Amino acid sequence: MTIPEPAADPEAAAQAPAAPPHWRSFRTLPRAHGEPLIRFRIRSQPADFVVDEILAFGPDGDGEHQLLKVRKTNANTDWVARRLASLAGVPHKAVGYAGLKDRYAVTTQWFSVHLGKRAEPDWGLLGTDGIEVLESHAHKRKLRRGVLAGNAFQLVLRDVGGDVESLAARVDAIAQQGVPNYFGPQRFGRDEGNLVRADALFRGAPAEDDRGRRADRHLRGLYISAARSQLFNEVLAARVERGDWHAALPGERLQLRGSHSHFLAETVDPRIRERVASGDAQPTGPLFGAGEPLTAGEVAALEAAVAAPFAQWQQGLAAAGLKQERRPLVLYPEALRLDRRGGEELGIAFTLPAGSYATALLRELGDWE
């Protein structure tokens, strides 16, 4: 979704404090399962980080769009979309994809290309660009962002040191209890530059890219989304420190697992506690925007207190047209398994729901480079 630039308020900008609010870096966020057990290296080579995208539906079998299953190596999603458009002879906007995938990795994801009456090109010509089209199906609609069931990860951890013998118990605990559903560091840009630029934008300054040039609508949207994500991380970090990140509090907004439906639990009775303990209903944190908070009581007070130093960010998110939304505090990995390969190398595989980050899980195991 492209987000418009909030209207600048010169008076507010003149009164804004000189320093931005203090935020927690990803590496300093509190962990839920104890201190790091190991240290390791990730992404020593692209094949060490393999991600397979799982669509929420199958191809239609007919239509003016072509639904492509693409394996890319050491390439970012938008660049692949542009190469597909160029080969097909269509505008960039004629290409759709459901989510962004890491560049320094081997990732499989789906793209749609609106060919209309054009003949399908020879996708094999993209092989020299590290792009391999594995499947091609006729489809009726453009692929939209977010229509994912999840992503399957297969990672290799190298130069592993530390308490490897305790890893199996830690992995079992994570499989049972989940991990804090933090937004990962890639959300915030190099040296958290997206947050710095979002803060400047909210103060009324023109949005700029990392080279000092005026940012386009897409980049402004990234900056604003990063600020929103950071506020969620701040609230979740406070809940982790309190020890109630996976428990229901009075006034909690609970989301049904596997759906986007949620409901307000103004009081917490044994039935609510049982549903939360089973994972059927999950506590959520705020994705700030315009409108009244979706929580009440203790939870509303806690979230307001954590977000208070970021009042200007909250105003900027509302001005950008975003609405109050919720995101689960707990991330439950599926099919989590550890592969002891011997020496200083480990394999780990798991599946995560759409919108979650592998780094949120890895940080509960150890620190990496």
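**Ground rules.** I am working with a predicted model, where local features need pLDDT of at least 70, side-chain atom pairs count only at pLDDT 80 or more, and totals for chains, interfaces and linings use all residues. Residues are numbered from 1 along each chain as its sequence is written, and side-chain values use heavy atoms, leaving out hydrogens and water. Helices (H or I, at least four residues) and strands (E, at least two) are DSSP runs, numbered from the N terminus.

**Helix α2.** I looked up its span. Residues 77-88 make 12 residues, reaching 17 Å from first C-alpha to last. That is close to the expected 16 Å (1.5 Å times one less than the number of residues).

Next I checked burial (buried is under 20% relative accessible area, exposed over 50%, partly exposed in between, with a 1.4 Å probe and protein chains only). In α2, Thr-77, Val-80, Ala-81, Leu-84, Ala-85 and Ala-88 are buried. They fall within an arc of 140° seen down the axis, so they line one face of α2. The arc is taken from the directions from helix axis to C-beta atoms.

At the N-terminal end, I found Asn-76 as the cap of α2. Its side-chain oxygen lies 3.3 Å from the backbone nitrogen of Asp-78. Just after α2, Gly-89 has a positive phi of about 75°.

**Helix α3.** I repeated the burial check on residues 167-177. Leu-167, Arg-170, Val-171 and Ile-174 are buried. Their arc is within 100°, so they too line one face of their helix, α3. The face turned away carries exposed Ala-169, Asp-172 and Gln-176. Just after α3, Gly-178 takes a positive phi of about 80°.

Methods: Polar contact = N/O pair within 3.5 Å; in protein donor to acceptor, adjacent residues only side chain to side chain.
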